[in-house]
Amino acid sequence: MNAGDAPDIRALQADIVIVGGGGAGLRAAIAAAEANPQLDILLLSKVYPMRSHTVAAEGGCAGVIQLHDSLDAHFDDTVSGGDWLCDQDVVDYFVHHATEENLRLEHWGCPWSRKADGSINVRAFGGMKIERTWFAADKTGFHILHTLFQTSLKYPSIRRCDEYFCTDLLLEDGACAGVQAIDMRNGTHTLIAASAVILATGGAARVYRYNTNGGIVTGDGMALAYRQGVALRDMEFVQYHPTGLPGSGILITEAARGEGGVLTNSDGYRYLQDYGLGPETPLGEACNKYMELGPRDRLSQAFWHEAKAGRALATSRGEAVNLDLRHLGEARINERLPFIRDLARTYVNVDAVHEPIPVRPTAHYTMGGIQTDRHTATALPGLFAVGECASVGLHGANRLGSNSLAELSVFGRVAGEQAAARASQGPAVDPRRLLARAQDNAAGWESLREARGGEHLATIRDEMARAMEDGAGIFRLPGQMQQTCAKIAELKGRYRELGLVDRSRVFNTEWLNAIELGNLLDVAEAMAHAALARKESRGSHQRIEDFPERDDAQFLRHSLVYRAADTPRLDWQDVVITRSQPAERHYGAAGQQESKP
Amino acid sequence: MTETVTVRVQRYRPEEDQEPWAQSFEVPYSEDLSILDALNQIKDQQDPTLSHRWSCRMAICGSCGVMINGEPRLACKTFLRDYRGKDALEVRALDNFPIERDLVSDISGFIDHLETVQPWLIRSDEQPVSAGAYRQTPEQMQRYAAFSQCINCGLCYAACPQFGRDPAFLGPAALTLAQRYNLDSRDEGASQRMNWLNAEAGVWSCTFVGYCSQVCPKDVDPAAAINQGKVASDINYAVNLFNILRGKDDA
């Protein structure tokens, strides 16, 4: 193209476009292909599917399987774990289908860890009253993702666009009619008209400085939907995983505690007993919902208090506490936690068989996301969202570990089937009708590629990540929250003055990183404003100084953030309560007393 | 003064360069710094035009394979400390693949090979999910466990002289993936996979150099998988020959 010409656009058509090739996207693709083999399904991702961040999930995937367990128990743990902000009809659907989906993965070849007799084994996980976490050693997400990717190859109707970066949703007559993407190999702007679009782009924890997430986890789908007027829901709820490696933030699975690992402070003391999670359980005898098997929000908050009281360890990589696995012994560590042993050796030079692993809380998971109904449909007809990028209403104010991998399959399938039903009703619009808009969009991205302002990409990114940690971290303090909102607004202004150096069209990662940064800033804005608006403490959202209590009278509601010209617009949506009335969350001995008849 | 390390990075910008060239950068040394961290620092602070793939930074997503001082390695699992005091630290795109740009290789041929080998569970009697899980003891799982650990990073292809000579060779990871399913007690697809396992681009092309297993960052041991595939292929050949001699030509 010559300067001044409209950018060249390559136009494609499909029945369904799925953006994102992680667990949710792949499961949706398979479900759609099975629902109607005549449909042309296009799976588009900025990375080869097996690079998607599902790959890094370690500990496991929930689903009731033991005889003494029940769907009601899984429901209760999830709803109380989410501090009653879960939509209970969604939780019911989820617990009813999680086991079935885990079995389906087994039939597709997933190497779930087994008992000696060859039946499925399950392990304990935080906040779960009975062991119901299926696992594949400590690489559960890796095995699920590779199983789904390999199984997806069976279906000739699933085509892929690997290393295509989705930049825009395209609307026609008030419905989502396709997407637009950059072919990363050559920079070609590509529009794909489709009857249904599924966003399955994952989370956004890269808005924080210390996080467990891969570099690709930049909230792309959330920003795409937000820019089209779709609400982002419950964005203030961001999970800090209590055990990441100091410095890098690399994830050390909760299964380390499920298998019996304990947390100690600089005095060698199991401090969790001082935070309503005790009494102390005997070493090597993990007890469900006690101590180290409390929920993630409580454990991360306990670390914050310990560090403030000067009882964290000072390491060369920053403050930490000790995760001690030594009493498990080498054989069990090798069988159940081989990846953890490898990670600790490689990244902090610690052999978990002989020394405790230093850990600290790091940003991990966005409970909120694109608002959907329980069928994964967004308010925009033709647009569906699933997985971490979505808020289907499952996790409430705090997700329980191992519920999110199960969510990918349970709701990935729903999304695939819903999209297939819509696409079966009629073909996509003629791509030519979307061309003019696609050209406008492409011109905008081209001017970003040519950007010659004075602002530096990495500087804006780092300032954003620090501001989010300061004002939207484990505890949210009033002055800092305001400052963070102001800072994000300032950074959005400076982003418009960005200067880029790389003018190439071939695998131009500076350009793509700049688009990602725009996405991150939109998501950070939604998170910070939702946090400011929720004047209570619930789950992972804690305002210990100004609003330390949960306030059901005012805030037993989902927050909704809509994009607006200057500051975003906030609204609220009722939570679906069917059979579990809000109560106090209790763990440890207090929880035990409560559950007695 | 801060200690720095010189990193020579291969550059190739297809729109302006005739061929790859090397550019040197000074990176401040630290004990924890991985080669990936160094590349990211260079991109953030010195030259934003450097392109490389990465994501998880914990050796599980398989994105960041590169040649480091001539060896195929994951950039995120290789550290500056391992090269301290050495004369040079040189990072190039993976051998045996076309270069798209800088450190980004065109791995599409490798992905095609993975797709060729029917890497999914094949059953003659697919059970409904309501029938529950297939039974598989830990011992049965152990037979294929190592071969299921492949992260598709492509290091073994960069190490494989046969793939370098002939890109049609299915190569270590794809043949290992086939063997992963062939050895799975739940799978009944081995005879279907035998068609291309036996074919010219299959196991017999491997000249058993074994370098693939040495460079694997996940101890998958593709050389062992291919060797087992050769034995299976031999047995398959012998059984077919026996049947042909007996007049039962169903080969």
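Student: How many residues does the contact take from chain A and from chain B?

Tutor: Keep in mind that this is a predicted model, where local features need pLDDT of at least 70, side-chain atom pairs count only at pLDDT 80 or more, and totals for chains, interfaces and linings use all residues. Residues are numbered from 1 along each chain as its sequence is written, while chains are lettered from A and ligands numbered from 1 in the order in which they are written. Two residues are in contact if their C-beta atoms, placed from the backbone, lie within 7 Å. On that basis, chain A gives 42 residues and chain B gives 42 residues.

Student: Which helix gives the largest share of the side of chain A that touches chain B?

Tutor: Helices are DSSP runs (H or I, at least four residues), and strands are too (E, at least two), numbered from the N terminus. Among the elements of chain A that each supply at least two residues to this side are α3 (88–107) and α14 (509–533). The largest share, five residues, belongs to α3(A).

Student: Where do the bounds of domain 3 of chain A lie?

Tutor: Good one! Domain bounds come from an automatic or database domain assignment. For chain A it gives domain 1 (10–237 + 367–437), domain 2 (243–362) and domain 3, which covers 439–558.

Student: How many residues of domain 3 of chain A are in contact with domain 1 of chain A?

Tutor: The centres of these two domains, taken over C-alpha atoms, are 23 Å apart. Domain 1 of chain A brings 39 residues to the contact, with α5(A) giving the largest share of that side, four residues. From domain 3 of chain A, the number is 34 residues.
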